[in-house]
Amino acid sequence: MICKSTTIKDSKGLLGRLPTLKADVPEFVFIATDNARCPASEVYVKEGDHVKIGQVIGLRKGPFFEQPIHATVSGTMVGYEKHYHRSGKLVNFIKLQNDFKEEWDPSCSPRSDEEIAKLDRKGFAEILKANSSVGLGGSSFPTYVKFQTEAKIGTILVNAIECEPYITADHRIMLEEMEKIIGGIRYLQQAFDCKNAYICVKAKYTDLRQVYGAFLKRYKDEGIKLKAVGNFYPQGWEIAMIRSATGIKIPSGHLPSEFGIVDFNVSTVVGIYDSVKYNRPVTDRLISITGDGIRYPSNFKVRVGTPIRSLLERCGGYKHPEKDKILILGGPMMGASLPSDDCIVTKTVTSVIVLDAEEHKEEPCIRCGSCLLSCPAGLEPKQIMDAVKAMDKKRVKELKPMRCVECGLCTYVCTSHIHVTDYIRRAKTIAKLP
Amino acid sequence: MARMLGDVLIALAPTVVMAIVVFGLAAFRNLAISVAVMCLAEFVYVLIRNRIPYDGKKHTFKEQWKAGVSKYTINNFLAPCLSGVIFALIMPASTNPGYVIYVALIVGALVGIVIGKLVFGGTGSNIFNPAALGMVFTKLCFGSKFDYESNYYESNYFITNIATGGTPLTNLGSYTYPGVSNYVGQFAGINDYSILDLFLGRVPGMIGEVFKITILVGMIYLLFRHAIDFRVLVSYLGCYAFLMALAGIIVCNKIPTVSFGQFMGFAMFSGGVLFGAVFMFTDPVTMPIDSPSRVMYGLLGGALTVIIRIFGALPEGVAFSILLCNMMAPVLDYPAWSGREYTKKKVAVMASIVLIPAIILVLALLFAPEVKA
């Protein structure tokens with residue numbers, strides 16, 4: 001297949017039509033002490049302390065920013081345990097025992113509308129920083145950083161494209177949290193002082209387009225529009241979405257705000273609404289548990305900190321328990337594969353995908369060039385792979401692997417089943433060397 | 001990968017069937033010998049390559065055999081099979097004396113697969129197209145023994161009233177025309193062949209490359225399945241047609257009996273241009289990987305073919321131009337100037353690849369002196 005291929009198998013089926021199930025809050029929840037962006041942390045509570053929902057129990061420290069850690073249940077802290085984080089690493093988790101009283105911390109009191117109307121961009125940034133709002137689409141990029149820009153913003157984009165196969169969490173959010181989405185967009189319009197707001201969805205989601213076509217008639221004069229963008233992969237990538245929705249091409253290494261654009265994931269918008277209106281951090285989120293290996297794929301609204309094993313049981317377990325399974329957190333193309341199902345739902349987990357393991361033997365590269373033609377970032381994956389194999393640092397740097405967004409398309413299109421993306425990841429570590 | 005190799009084999013199937021129908025056992029013998037030799041060579045290579053590494057113990061041949069066979073995949077069969085079929089189709093049906101064809105097939109297939117591919121590390125690592133290398137080697141060694149005059153050409157499919165001393169292209173060398181140089185004069189002979197006969201393959205030639213219809217069917221299939229890169233195909237045929245058209249204009253003016261249409265038809269449908277463009281130039285392993293480099297590769301191939309055909313001592317230039325372009329592929333891939341964008345520099349290089357041979361061609365055809373025999 002020597003051609004540019006950007007369509008991948010969707011595999012979503014009818015999961016987007018199923019209503020979201022509410023998962024029980026488990027007896028023990030686990031809160032990660034550190035994540036990929038913040039490698040160090042400080043915990044304020046000790047064993048035996050009583051905590052309430054929304055209480056700050058620690059601080060994650062990264063090189064550029066700090067994030068408060070919030071408790072997501074009321075109960076007592078009982079210690080630390082090691083589990084797998086969504087990045088695929090073994091990470092220390094704070095273990096909280098639930099007392100099922102659902103008591104909120106007194107600091108999480110709703111704001112009045114007058115109070116919100118007075119807020120400016122800096123005020124929003126402070127609220128979001130205190131509530132540790134991050135990109136819930138999977139990037140876990142702190143949202144308040146986007147509010148710190150001084151640039152004049154002309155367009156707000158809300159990303160509900162969800163171009164990864166299997167996942168339907170954003171699809172359900174779009175249908176179930178409509179009021180919150182509109183509320184969040186209003187706050188964004190106020191913060192950035194800009195009228196134009198587009199909600200981007202894939203053109204093939206006719207149900208969303210019909211529902212929003214009717215729903216947005218209520219908000220005629222507010223400048224909120226639904227924008228149907230392409231069906232290709234990776235349409236959900238920031239740069240590709242901006243290009244499709246507005247026609248602006250953002251060169252690598254520049255921020256969208258330099259071009260007057262800010263963009264948020266749709267679940268982040270819901271999170272922003274909750275933080276601003278109710279002053280609450282993200283305690284629940286929507287995830288899809290799906291894949292060919294699971295018996296009953298479903299969407300769940302789960303408490304952050306729930307172990308995934310209990311959710312898998314809720315889905316009826318594995319379809320073929322005798323086969324080897326692959327567990328992926330956060331999309332089959334870009335997500336991390338986990339060595340075990342002993343992992344925890346964090347804020348940024350969008351899905352758990354269970355697939356039957358298939359053996360694909362790597363064949364020699366026949367230089368067909370499909371990876372070069374398909375790469376959305378304009379890279380040359382095959383050349384980077386060769387440079388990595390030769391450990392040629394200079395040449396790896398020349399080929400600019402840092403531009404790679406790890407969409408996984410090069411591995412997908414490879415006619416010889418080579419894991420090209422893994423080589424690019426290695427190239428990134430090589431390129432970071434002095 | 002198996003799918004792409006399979007696609008090319010399927011695309012070759014009509015040509016293979018046509019060759020067997022017309023040439024009968026001779027075509028079958030060509031195919032069987034070359035495929036068998038190439039597959040066997042690859043199998044031995046797999047055995048050698050996957051020997052059990054030295055660990056102090058002595059391993060019996062049976063253990064070594066098992067270790068090798070376990071690494072033998074479908075690709076180790078399909079890839080040499082494909083090379084073998086292509087090589088068989090660009091060999092003649094018979095030789096004079098008759099036993100030479102066996103030697104030629106075995107030696108050519110061995111040289112093609114071993115020197116062209118296996119010494120570089122097998123599939124995916126080769127620099128040269130194995131079939132083209134084998135064909136060129138055979139032609140240089142046994143070319144004078146090739147025979148297009150045997151009884152195959154007296155069957156109903158062929159017209160026998162024309163002088164069949166050789167292929168249409170080899171015959172050109174014997175023609176001259178008063179008052180013009182030899183480069184132009186050779187084309188006085190093209191009126192002896194009708195375009196229809198060339199198109200249908202009713203002329204002497206290699207057993208596969210004469211049947212243009214089946215080759216075109218294969219080409220459409222390959223393009224439809226995206227198994228070949230259309231950039232190379234289009235740029236190769238485009239450059240070839242453009243340069244041949246330039247030559248055609250000059251030749252038609254100098255020799256009034258040759259019409260332009262006849263010249264172009266002869267240029268496109270004689271020899272192995274179409275076969276080479278569809279099945280050999282588009283071999284992805286031996287071509288550059290960026291799309292601009294691929295365009296350059298195709299243009300270079302077209303220009304070289306024209307130059308060799310008109311000025312070269314050899315009548316047929318496709319296999320040679322393939323090998324020369326294969327050598328240029330790593331140069332075009334060099335990271336200092338390769339890249340996915342069509343920059344101004346690259347377009348300039350593409351233009352010069354076409355225009356420099358064009359200027360040489362025009363000057364030589366216009367001003368070369370007449371050579372008195």
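Q: Is strand β14 (residues 298-303) of chain A largely enclosed or largely open?
A: The model is predicted: local features need pLDDT of at least 70 and side-chain atom pairs count only at pLDDT 80 or more, while totals for chains, interfaces and linings use all residues. Residues are numbered from 1 along each chain as its sequence is written, and chains are lettered from A and ligands numbered from 1 in the order in which they are written. A residue is buried if 20 or more other C-beta atoms, placed from the backbone, lie within 10 Å of its own, exposed if 12 or fewer, and partly exposed in between. Five of the six residues of β14(A) are buried, so the rest of the structure leaves this strand largely enclosed.

Q: Which residue of β14(A) is the bridge partner of A:Leu21?
A: Strands are DSSP runs of E with at least two residues, helices are runs of H or I with at least four, and both are numbered from the N terminus. Two strands pair if DSSP finds at least two bridges between them. Strand β1 (residues 21-22) of chain A runs parallel to β14(A), joined by two bridges. The partner of A:Leu21 is A:Phe300.

Q: Which residue stands opposite A:Phe300 on the β13 side?
A: Strand β13 (residues 284-290) of chain A pairs with β14(A) in the antiparallel sense, over six bridges. Opposite A:Phe300 stands A:Ile287.

Q: Which helix gives the most to the side of domain 1 of chain B that touches domain 2 of chain B?
A: The domain assignment, automatic or from a database, gives chain B domain 1 (1-148 + 205-227) and domain 2 (229-373). Contact requires C-beta atoms, placed from the backbone, within 7 Å, and 23 residues of domain 1 of chain B are in contact with 16 of domain 2 of chain B. On the domain 1 side, α1 (2-23), α6 (130-142) and α10 (212-224) of chain B each supply at least two residues. The most, six residues, comes from α10(B).

Q: Is B:Leu12 buried or exposed?
A: B:Leu12 lies in helix α1 of chain B and touches B:Val85, B:Gly218 and B:Phe279, not counting residues up to four places away in sequence. With 25 other C-beta atoms within 10 Å, B:Leu12 is buried.

Q: How many residues of chain B are in contact with chain A?
A: On the chain A side, α10 (370-374), α11 (381-389) and α12 (393-398) of chain A give two or more residues. The 21 residues of chain A in contact with chain B meet a chain B side of 17 residues.

Definitions and conventions:
Two residues are in contact if their C-beta atoms, placed from the backbone, lie within 7 Å.
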